[in-house]
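Have the sequence and the model open as you read.

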Amino acid sequence: MSDLKKMYTTMVEDPFPAELVIRLGEAELTFAKRTWTIDGQEKGLRYGENPDQPAALYAPKAGRLTLGGVEFRGPGDGLVCAATEEHLLQSGKHPGKTNLTDVDNGVNILQYLTAKPAAVILKHNNPCGAAWSDAGLCAAFEAAFASDRIAAFGGAIVVNRTLDVATAEKINAVYFEVVAAPDYEPKALEILKSKKNLRIFRLPGLAALDKLVGQPFLDFKSLADGGLVLQFSFRNRILAAVDFLPATATDKAGTTVTARAPSDKEAEDLLFAWAVEAGVTSNSVIFVKNGATVGIGTGEQDRVGVVELTIHKAKTKYADGLAFAACNLSLYELTLKAKTDAEAAKLLADIRARTEAAGGGLIGSVLVSDGFFPFRDGVDLCIAAGVTAIAQPGGSIRDPEVIVACNEASPQVAMVFTGQRSFRH
C-alpha cells in the first residue's frame with residue numbers, strides 16, 4: 001500500500017479526554033467519549049473530517065438542558081452516538097467522522113418520514129437520493145438510488161424499517177460504504193456481510209424516530225477564531241399536509257393574489273420534499289415526483305442559480321439512467337465510446353432526445369425551496385421545467401409577483417407557504 005493510501009486506514013492518535021463537561025447557567029451536561037474495541041484494539045474515531053485531523057465522538061451521559069421552557073434531547077435519546085460494539089454488526093475498522101455524520105443526517109431526515117418505509121442515500125452529508133413507498137422498503141431504496149446512481153456510489157444508506165432480503169440484494173449490487181437500519185432479516189444480514197468493507201449499523205432507534213420530532217438538540221457552530229454559536233436545532237413545523245399555509249400576498253397597490261392549492265398527491269410530495277430539505281445544505285431546492293427525489297440542488301449562492309444547476313443535474317442523471325439500462329455504461333462512458341463507435345453515437349443521440357422529451361424526469365414534479373424566492377425568475381424556471389406545485393417559506397416583498405407567475409402558468413401551478421425557513425449551513 002502506498003503512503004498516500006495508508007493515510008485513509010491509519011488511526012490518528014486521539015488526544016481527547018474521556019469526559020467532556022459543559023455548564024450552561026445552572027445546567028451541567030456530561031458527555032462520555034465513545035470508543036469501540038475492534039480486533040482487540042480500543043479506539044474512538046479513526047480520524048475527523050480529513051485523515052490528518054484527530055477527532056472524538058461524545059455521547060450525552062448525564063444532565064438535561066431546558067431553555068425557554070423547552071427540554072432538549074439528552075441521555076437516552078442517542079442513536080449514532082449511542083452505537084456500541086453490539087450495534088456495529090460489521091465495521092472492518094474503526095469508523096471515521098464522515099461515516100457517522102452521514103448516518104446522522106439520514107436520521108435527521110427520516111425523523112419526519114416515519115409514516116412509510118423510507119430510504120435515504122447520503123454523500124458528503126447531503127442526500128443524493130431519498131424516497132418513501134407504500135410498496136415497501138425495497139421499492140423505496142430503488143427509487144432513492146435511481147435519483148442519482150452516480151453520486152450514490154460509495155455512499156451511506158439509512159432506512160427506517162427492518163432491512164429485508166430483497167433490499168439487501170439490491171444494495172449488494174452496488175458499492176456502498178455504510179448501511180444503517182433498525183434491524184435486519186437474518187438472511188439479509190448474511191448477504192450484506194459478504195461485502196467485507198461494508199460498515200453495517202443496527203440502530204433500533206430508527207424504528208421509533210417519531211419520538212424525536214419537536215424536541216430540539218443543542219446545536220453548536222464553531223467559529224474559525226475559536227468562538228461558538230449555540231442555537232436550537234431546526235424543528236420542522238410541516239408534519240402533515242394541513243400544516244402548509246395558503247400562498248397569498250398583497251402588493252403595494254393593495255391587490256391581493258392567491259395561488260392554487262395543491263392536490264392531495266402534490267401535497268404529499270411537497271410534504272416528503274420538505275422533510276428531505278431539513279438535511280440539505282443551503283442554498284437549495286428539491287424536485288420530487290411520486291415520493292422520490294428527482295433533483296437535489298445543494299450549497300449554491302443564489303436562488304435562480306441553484307434552480308438552473310439542479311435542472312441540468314436532473315437531466316444528466318436521467319440520461320445516465322437510460323444509458324446504464326441500455327448498455328451497462330454510464331453516460332460519461334457512453335459519450336466517450338460514441339466518439340469512435342457509430343452505434344454508440346446513435347444510442348447516445350436517442351438517449352439525449354428521450355431525456356429532453358421527458359424533461360429529465362421533472363415533468364409533473366413538485367419543488368420545495370429552503371428560502372423564499374426573491375424574484376420570480378427561479379419560479380419561472382421551475383414552471384418551464386414541468387413543475388406543478390411549489391412550497392417555499394414565503395415572506396418576500398415580491399411574494400405577489402411570485403404567486404402571479406404560478407397563476408399565469410398554463411396549467412396553473414400550485415403554491416403554498418411553509419411559514420419557516422430551512423437553511424442549513
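Arg199 counts as buried, at 5% relative accessibility. Buried means under 20% relative accessible area, exposed over 50%, and partly exposed in between (1.4 Å probe, protein chains only). This is a predicted model: local features need pLDDT of at least 70, side-chain atom pairs count only at pLDDT 80 or more, and totals for chains, interfaces and linings use all residues. Residues are numbered from 1 along each chain as its sequence is written, and side-chain values use heavy atoms, leaving out hydrogens and water.

**Salt bridges**
- The structure holds 23 salt bridges (a side-chain nitrogen of Lys or Arg within 4 Å of a carboxyl oxygen of Asp or Glu).
- Arg199 pairs with Glu177 at 3.9 Å, N to O.
- This pair links distant parts of the chain, 22 residues apart: Arg199 lies in strand β13 (residues 199-202), Glu177 in the loop between α5 (165-172) and β12 (178-181).
- Helices (H or I, at least four residues) and strands (E, at least two) are DSSP runs, numbered from the N terminus.
- Glu177 is partly exposed, at 28%.
- Glu71 and Arg64 form a salt bridge at 3.8 Å, N to O.

**Around Arg398**
- Arg398 sits in the loop between β22 (389-392) and α12 (399-408).
- Its relative accessible area is 30%, so Arg398 is partly exposed.
- The Arg398 side chain meets that of Glu401 in a salt bridge (3.8 Å, N to O).
- Arg398 touches Pro374 and Phe375, not counting residues up to four places away in sequence (contact: heavy atoms within 4.5 Å).

**Exposed strand residue**
- Leu228 is in strand β15 (residues 228-232).
- Leu228 counts as exposed, at 53% relative accessibility.
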